[in-house]
Amino acid sequence: MAKLHVSTTINGEPMEFLCEPNDTMLDALRGPLGLTGSKEGCASGDCGACSILLDDRLVCSCLMLSAEAQGHEIRTIEGMADGEKLHPLQQKFLEMAALQCGICTSGMLVASDALLKKNPQPSEEEVRFWLAGNLCRCTGYDKIVRAVLETAQDMREARN
Amino acid sequence: MNVITNNKWIGQRTIRPDGVDKVTGRAAFAADTTMPGMIWGKILRSPHPHARIKSIDTSKALALPGVKAVVTARDIVDFPVDKSVMLGIQDMRWMCRNVMAREKALFPGHPVAAVAATTEAIAAKACELIEVDYEVLPWAIEIDDALKADAPILHEFNKFEGKPSNIAGKLEVKKGDIAQGFKEAEVVIERTFTTRPVHQGYIEPHACLISVAADNKTTIWSSSQGQFMVRAMTSYLTGIPQSDIRAIPAEIGGGFGGKTIVYLEPLATLLAKKSGRPVKMVMTREEVMRATGPTSGSKSTVKIGAKKDGTIVAAQGTFYLQAGALPGSPIRGAVGCSFSPYDIPNVLSVGYDVLSNRSKVAAYRAPGAPIGAFAVECVMDELASALKMDPLELRLKNAARQGTKAAHGPVFPRIGYVETLEAAKAHPHYAAPLGKLQGRGVASGFWFNAGGESSAQVNITEDGNVVVTTGHPDIGGSRAAIANVCAELLGIDYRQVSVLIGDTATVGFSNLTGGSRVLFASAMVVTQSTEKVITTLRERAAKIWEIDPEAVKWENGAAHPASPNAGQFEPLTLAELAAKAPQMGGPIGAGVQLNTEGAEGGFGTHICDVEVDVELGIVRVIRYTAVQDVGRAVHPGYVEGQMQGGVAQGIGWALNEEYIYNKDGKVDNPGFLDYRMPVCSDLPMIDTVMVEVPNPKHPQGVKGVGEVPLVPVMAAVANAVHHALGKRFYSLPMSPPKVLAALEAEG
């Protein structure tokens with residue numbers, strides 16, 4: 001069966017790729033698109049290491065068919081920093097040691113970014129439930145939750 | 001030794017050298033690498049828990065277009081069962097049978113054959129075309145079933161007390177006279193506990209990419225806890241000499257002990273050799289759950305006797321640990337660590353290594369110790385109740401101190417266990433009020449820690465910066481700590497120090513990242529290498545100034561003339577000396593390779609508060625404080641991170657994680673949805689108290705910190721549940737169905 005041709009926008013840039021009908025978006029990102037920042041931990045939507053934004057909505061790219069990207073906008077961890085300038089969440093994760101091995105970090109950051117876009121002033125409980133779809137086995141989540149809360153506060157102060 | 005408080009970088013929360021790569025998605029983990037001409041490997045796995053392999057026909061698979069190679073056990077170097085060949089703590093007899101079933105398939109998921117093909121889909125299809133003729137045999141999964149008189153025997157060659165048995169080993173430690181000890185006891189508590197096997201739960205599945213040239217020169221990219229272990233095991237199992245194998249450590253996405261052995265690398269190497277193409281293999285999560293790790297399930301009986309004043313006079317433990325299908329459960333950790341927090345005159349601790357038709361266990365954070373501590377620390381809690389003593393007071397009264405002879409052998413040097421108990425007692429958490437259906441538990445734990453072989457190279461770049469290369473995969477921030485150590489010694493900004501993990505061709509032999517040994521050992525070799533570099537720098541300055549090297553001191557990143565020449569010359573900075581290197585004797589750098597010694601054991605004491613939802617049977621941890629003697633926190637952020645991560649894993653072990661087997665002897669929950677590890681909303685903040693009692697045998701006072709924080713957790717949670725409900729659980733996990741059943745049984 002011939003491959004499907006998909007035109008989409010990834011991290012603000014128009015992109016095209018070929019895929020099998022049953023390829024996931026994660027397959028396309030990590031394969032033909034060469035964006036390996038999104039990770040595969042489970043391929044069943046349980047770990048969140050492949051989190052991306054689809055038209056600003058947080059999704060697991062392992063649960064989305066790559067053909068569904070046609071005509072949509074996708075953002076991945078590779079598009080989070082503004083050139084050389086890290087996103088405040090990325091900077092805060094570094095400063096607060098909110099990562100150990102780093103395999104969940106891409107997904108955590110993408111999910112946290114989605115949260116702060118939707119809710120700039122989340123409570124600890126809101127952060128914990130929002131990130132409940134992103135598994136981390138190293139940190140016990142403590143430093144991740146604190147980093148998200150502190151970034152939210154910094155970003156609010158920067159706006160005011 | 002007192003803690004040095006005026007360090008510039010040691011003790012600082014610096015930015016890790018590999019940090020930017022990891023927050024931007026640039027870091028290359030094992031599955032992120034590709035090569036031109038690369039093909040894909042897949043494994044055919046046994047569907048049976050126990051079956052003799054009568055024949056394997058791979059002809060149909062080989063005939064499928066796109067298939068480039070097939071391997072079976074015949075291609076793997078055989079290690080006959082009657083002759084042990086050890087590599088570290090691993091026996092190659094068992095490793096060769098674990099990576100590929102040989103005479104028998106021993107658990108569902110046991111590899112039987114492997115295929116390489118141009119696409120993953122073709123490789124998977126080819127696996128289905130391999131015809132295996134199995135003679136299905138009776139099987140045993142649980143300890144009790146494996147120990148029955150008529151139990152199916154996994155290995156006919158394995159004898160215990162002269163008879164074929166599923167007991168593969170016994171370990172005993174003894175101190176004093178146990179019978180006499182219990183005679184002197186006025187209060188004796190004896191209980192039996194069970195724990196379930198739990199998986200290390202790293203988020204990154206095993207993966208590798210391997211290229212083998214026609215002359216056998218082999219390059220391995222894989223994620224592991226030791227590139228040298230990968231090289232050695234692959235060499236043993238393929239017959240390719242170690243000198244022809246270059247193992248490059250990818251970034252590792254979690255290991256916790258589970259990546260201290262190989263699964264894929266020998267198979268991918270043989271497929272690459274046969275096909276002449278680079279072969280990539282990546283496990284699915286289901287393969288990880290069925291065929292790697294976990295740690296042992298266990299059955300333990302612990303008996304402790306004390307005088308009425310709380311003095312413990314005797315302690316006995318019997319620990320049955322599951323090995324899985326091949327020998328090697330961590331009985332040493334259970335037997336050796338369980339009673340080590342206490343000064344007890346009479347101890348008998350015995351462990352049995354029990355075979356059953358499960359995947360072979362792999363190391364998991366303080367292997368064996370959490371299993372033993374769960375039993376011992378729960379009995380300590382019951383003993384405190386029986387004696388009407390505060391549980392921390394009971395521990396303080398019997399605490400191991402400097403000079404205590406531990407049951408497992410050593411006499412403790414200056415240790416910080418008492419300090420952890422005192423810090424826990426003084427912590428506001430311990431006195432905080434509790435609400436309805438809430439309870440508080442405490443528990444302690446010990447881990448040996450470890451030294452061993454490490455190598456490092458410290459080179460000064462031409463522009464006066466530093467590149468440090470060590471041989472240990474960085475699993476939780478060790479590069480950040482090494483940058484702090486090197487910058488401190490050189491008196492330069494830590495950002496001038498680049499820390500890299502070398503591959504097997506570029507750095508000297510370094511043992512595994514495991515056992516809480518990495519910072520202890522690598523800081524030691526990096527310190528000695530840096531000191532050699534400083535000696536060279538002083539000599540260079542002395543040559544330029546034409547004075548004696550002894551009259552040059554190194555301070556704040558520069559050579560200074562010391563008295564009697566003080567003030568006579570302008571200091572020469574690292575950059576200036578680096579620039580003059582070609583004229584003054586050549587490149588500046590030094591390497592050190594050591595078998596490091598002087599690792600001292602670590603202790604922790606934890607406080608846990610739980611609340612029980614009696615409608616749903618859910619136990620929620622609502623507050624947690626982990627206190628630990630960490631020696632010296634070279635990078636406090638990553639020390640706290642180790643403590644918090646260990647606690648989170650322990651809470652999962654205590655409350656939810658378990659393999660569920662179906663009637664066919666297969667795991668029914670091989671995925672993250674049903675194998676329920678703690679998620680963010682399951683946990684509270686995890687407070688940490690780092691007690692610093694420096695290790696006098698280490699230049700920075702380092703003690704290992706990674707293992708200890710898992711050891712006390714299950715008991716701390718169980719003791720808290722008991723406090724909340726007045727009901728004790730002797731069997732893990734304390735999952736909702738069990739809690740509900742226990743509450744209903746009470747009416």
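Let's start with one pair of residues: Phe193(B) has Ser300(B) in β17(B) as its bridge partner. This is a predicted model, in which local features need pLDDT of at least 70, side-chain atom pairs count only at pLDDT 80 or more, and totals for chains, interfaces and linings use all residues. Residues are numbered from 1 along each chain as its sequence is written, chains are lettered from A and ligands numbered from 1 in the order in which they are written, and side-chain values use heavy atoms, with hydrogens and water left out.

**The sheet in chain B**

β12(B) and β17(B) (residues 298–306) run antiparallel and share nine bridges. Two strands count as a pair if DSSP finds at least two bridges between them. Strands (E, at least two residues) and helices (H or I, at least four) are DSSP runs, numbered from the N terminus. The pair belongs to an open sheet of five strands with mixed pairing, in the order β11-β19-β18-β17-β12 of chain B. β11(B) (167–175) and β12(B) (187–195) are at the edges with a single partner strand each, so one side of each has no neighbour in the sheet. From one strand to the next, the twist averages 10°; the axes behind such angles are lines fitted to C-alpha atoms, for helices over the stretch in contact, and angles run from 0 to 180 degrees between N-to-C directions.

**Strand β1 of chain A**

β1(A) and β2(A) make a hairpin with two residues between them, and Asn11(A) in the turn has a positive phi of about 50°.

Grid points are joined across faces, edges and corners, and a volume is the space filled by probe spheres set on the points.

The second largest pocket has a volume of about 1500 Å³. It has 42 lining residues, and those closest to its centre are Asp23(A), Asp27(A), Trp40(B), Glu120(B) and Ala121(B). At least two lining residues come from each of β2 and α1 (25–30) of chain A and β1 (39–45), α4 (120–129) and β16 (279–282) of chain B.

There are eight cavities of 30 Å³ or more. The largest cavity holds about 60 Å³, and its lining includes His206(B), Lys259(B) and Glu265(B).

Eleven of the 13 residues of α19(B) are buried, among them Val713(B), Asn719(B) and Leu725(B). Buried means under 20% relative accessible area, exposed over 50%, and partly exposed in between (1.4 Å probe, protein chains only). Just after α19(B), Gly726(B) has a positive phi of about 70°.

Met289(B) sits in helix α9(B) (residues 285–291). Is Met289(B) buried or exposed? Met289(B) is buried, because its relative accessible area is 1%.

How values were computed
1 Å grid on protein atoms, 1.4 Å probe; cavity = no way out; pocket = protein on both sides within 12 Å on 5 of 7 lines; lining within 4 Å.
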